[in-house]
Amino acid sequence: MTAFPEAARVELANGGLRANLLNATDTIRAKRARVVAEAPDWEELREAGKAIKDDVLTRLDEYLLEFEAAVQAAGGRVHWARDAAEANAVVVEVARSHGVDEVVKVKSLTTDEIELNDALAAAGIHALETDFAELILQLDHDRPSHILVPAIHRNRAEIRDLFARTIAPGIASDDPHDLAEASRLYLRERFLAARVGVSGANFGVAETGSVCVVESEGNGRMCTTLPNVLVTVLGVEKLLPRFADLEVFLQLLPRSSTGERMNPYTSIWTGVSDGDGPQELHVVLLDNGRTRALADDVGRQALRCIRCSACLNVCPVYTRTGGHAYGSVYPGPIGAILTPQLRGDESTSSLPFASSLCGACYEVCPVKIDIPRVLLHLRAKATKPAAERTLMGGVGWVFGGPRRLALAQRLARSVLRRGTVHRLPPPLSAWTRTRDLKGPPREDFRSWWRSRA
Ligand code: SF4
């Protein structure tokens, strides 16, 4: 994975991307602020969301078993997956056992995280993305750049040109209605023919074994009701203890994400029912690094995340670089704290530094994740303690004696006498790569003082 500073530099050179991003995030931010302001109990809702999620994380083992029993009692089947490979194997096996060469998919970050589409493709099965933005990305072999609005980096004219090349030859209009109609016509036949549907989920309810998906387009409802077989991949942290807890999250999520009072489509299903919807239901419970995050006292709060994307839209770093610079399906502030914990390796160690620590993300987070605190915690883990200790020890020794300090100042003045320094040799080059080093003043305070004594 390319380190964030290098990836960000590439993205920052794209002026069109920045304009699209700022335009879109400004709009969503204003909508969110309006609907949050009209909820008099917003702070109480945030506290409730945080408390429910903390309870889930504290007693996750119990809730998972309760959920499994409830799903099975309702006629569904539960699979446990330690990692992406195990989860993908389950979905591939279910699709294969029904002899299909295509599945229809609801937009799902969890399935993107495990790269399910690639695993299905390797087994000769096409995963058709049915969310409008995901379809755009799939047609153009592009990657999502926002949690909620995956094609936020694309404008209408680009989409019109893409559709003209792929699913709607001859389309000339870039009016949103015409673009939506073109995708609707393309997808409708595929929905009706689909025998296997695949979804992620926003919430799973331990008490009843229910699964809940919220969306805006109705494609999710089609995927979860038309095919005879449904496979849902659920991150283990997505559980809620009781059905009544949905009341809190179905208020927090739409206001924080799309700036709406409620989601246009809220689908909830519990097991299977004769003659109504899928007759075979599989739920894959995915770990993939989540229990590693759970073991970290400070970092585990990232698992409270309900993927609303409010933190992305207010982040001064994300709104300039866009999502691709983060190299993961989870971009922005939440990606900077979640991805390193899920992956648990060196490849993502630059992500916690992709922040100005302004705290805007914490202020908007509906489940009160203290993102700046987790960022600092992960930064401390990522720095090389031995190198830092040696450097700080040296600085302490110089500062600890007036003669040593005076000598160091003289040395600095003679080396840096040309004023601002734009480039230093390694390892100090890490500093000047992104900022200038101001040279020392011509005269230090002590000489100035002596001259006036
Ligand atoms: S960290 Fe908070 S604000 Fe960001 S996506 Fe998750 S729930 Fe939303």
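User: Before we start, what should I keep in mind about the model?
Analyst: It is predicted, so local features need pLDDT of at least 70 and side-chain atom pairs count only at pLDDT 80 or more, while totals for chains, interfaces and linings use all residues. Residues are numbered from 1 along each chain as its sequence is written, and side-chain values use heavy atoms, with hydrogens and water left out.

User: Which domains does the assignment give?
Analyst: The domain assignment, which is automatic or from a database, gives domain 1 (39–288) and domain 2 (386–452). Their C-alpha centres lie 55 Å apart.

User: OK, the ligand now: which residues surround it?
Analyst: Counting residues with a heavy atom within 4 Å of the molecule, the surroundings include Cys-305, Arg-307, Ser-309, Ile-334, Cys-365 and Pro-366.

User: And how does that shell split by class?
Analyst: The shell has 10 nonpolar, one polar and one charged residues, where Ala, Val, Leu, Ile, Met, Phe, Trp, Tyr, Cys and Pro count as nonpolar, Asp, Glu, Lys and Arg as charged, and the others, Gly among them, as polar.

User: Switching topic, is Ala-95 buried or exposed?
Analyst: Ala-95 is buried, because its relative accessible area is 1%; buried means under 20%, exposed over 50%, and partly exposed in between, with a 1.4 Å probe and protein chains only. Ala-95 sits in helix α5 (residues 84–97), helices being DSSP runs (H or I) of at least four residues, numbered from the N terminus.

Methods: Helix = DSSP H or I, 4+ residues; strand = E, 2+ residues; numbered from the N terminus.
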